[in-house]
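Please open the model in your viewer and keep the selection tool at hand.

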Amino acid sequence: MKRNMIWIPAILVLVLLSACGNGNGHSVPTGHESGSEEAHEKHAGGHGGEDTGSHVGERADNHEGEDGHGAHGEHGAHDADEQADSGRFQASFTFGGDGAEASENAELTVQITDRNGNPVNDFDLNHEKLLHLIIVNRDLSFYNHIHPDFIGDGKFTVATSFPEGGNYKLFADFVPKGEAGVTLNDWVNVKGKASGHKAVEADPELVKEVNGKQIELAISSTKPKEDATLTFTIRDAETKQGINDLEPYLGAVGHVVILSADAEQYIHVHPLDEKSTGPEAQFMTEFPAAGLYKIWGEFQHRGKVFTVPFVVEVK
């Protein structure tokens, strides 16, 4: 019995060594070990999403074979700190009837499918909504942030209008169930007269008045690929007293969307302190390249949402 107890382990060891070898003393490959694309996707410039608090999409046009994604990060309570492989998802933007006409309500449908064309029906809440839809025109003078209703079969619908004819870019920002965030976009055309587009120009000073409020923006860095803290200070325009009773908007003190002048770089930023009530609201991001960027800050006070735009040059 004792000899059996000794030889059985020895035999097992020989079997294991034989299975692990290839006859030349090297391990037999069992498969190339690499993380998933979404698990390793990083913020443009080399920082992971959880370091930047921003959602960046580089050249995210919704065309087959193009890259429609970036890093989705958060300083705060946002769950997705990496951007999913958006090649696995597609979005189409269509209007009912004969299409969209300037200054008229149009029924817009956003269809989300997987790469095989199957509708996606399971989504995680992303700051209180299943889908955030950002709409801008060619020169970024028009901005709209709306939330279509989910009606099933991968479809979201919303009635919206456009101030004039021309091209508009639509960004669908969502989180598939159990996945990281995805941003898909495309240009659509609206019928009607279009005015001439103005060049996007940097603001000479970062102070604006909107809805009886004075909003000042300070940026810690305007160099590309550096962490930049955006500090919005919100005061009463008349008294210049700081407003310290801002209300949560979509579950946070505010939201910031940033677009490059050509609408190719998309950054969705959430606050460092979501529970702040003002007068300061801080956000951290990173500008991926030199150029002009338009920044929209969105806040809520006394039941009304107000949006303040700034244009800055990164160099």
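A charge is said to sit over a ring if NZ of Lys or CZ of Arg is within 6 Å of the ring centre and within 35 degrees of the ring normal. Select Arg138 and Trp187 to begin with: the charged end of Arg138 sits over the Trp187 ring, 3.9 Å from its centre. Then go to Lys213, which lies over the face of Phe306 at 5.1 Å from the ring centre.

This is a predicted model, in which local features need pLDDT of at least 70 and side-chain atom pairs count only at pLDDT 80 or more, while totals for chains, interfaces and linings use all residues. Residues are numbered from 1 along each chain as its sequence is written, and side-chain values use heavy atoms, with hydrogens and water left out.

Turn next to the aromatic pairs, for which rings of Phe, Tyr and Trp (its six-membered ring) must have centres within 6.5 Å, with planes under 30 degrees apart called stacked, over 60 edge-to-face and the rest tilted. The count comes to 16 aromatic pairs. Select Phe142 and Tyr168, an edge-to-face pair with 5.8 Å between centres and 90° between the planes. Phe142 is buried (under 20% relative accessible area, with exposed over 50% and partly exposed in between, 1.4 Å probe, protein chains only), at a relative accessible area of 17%, and Tyr168 is buried at 1%.
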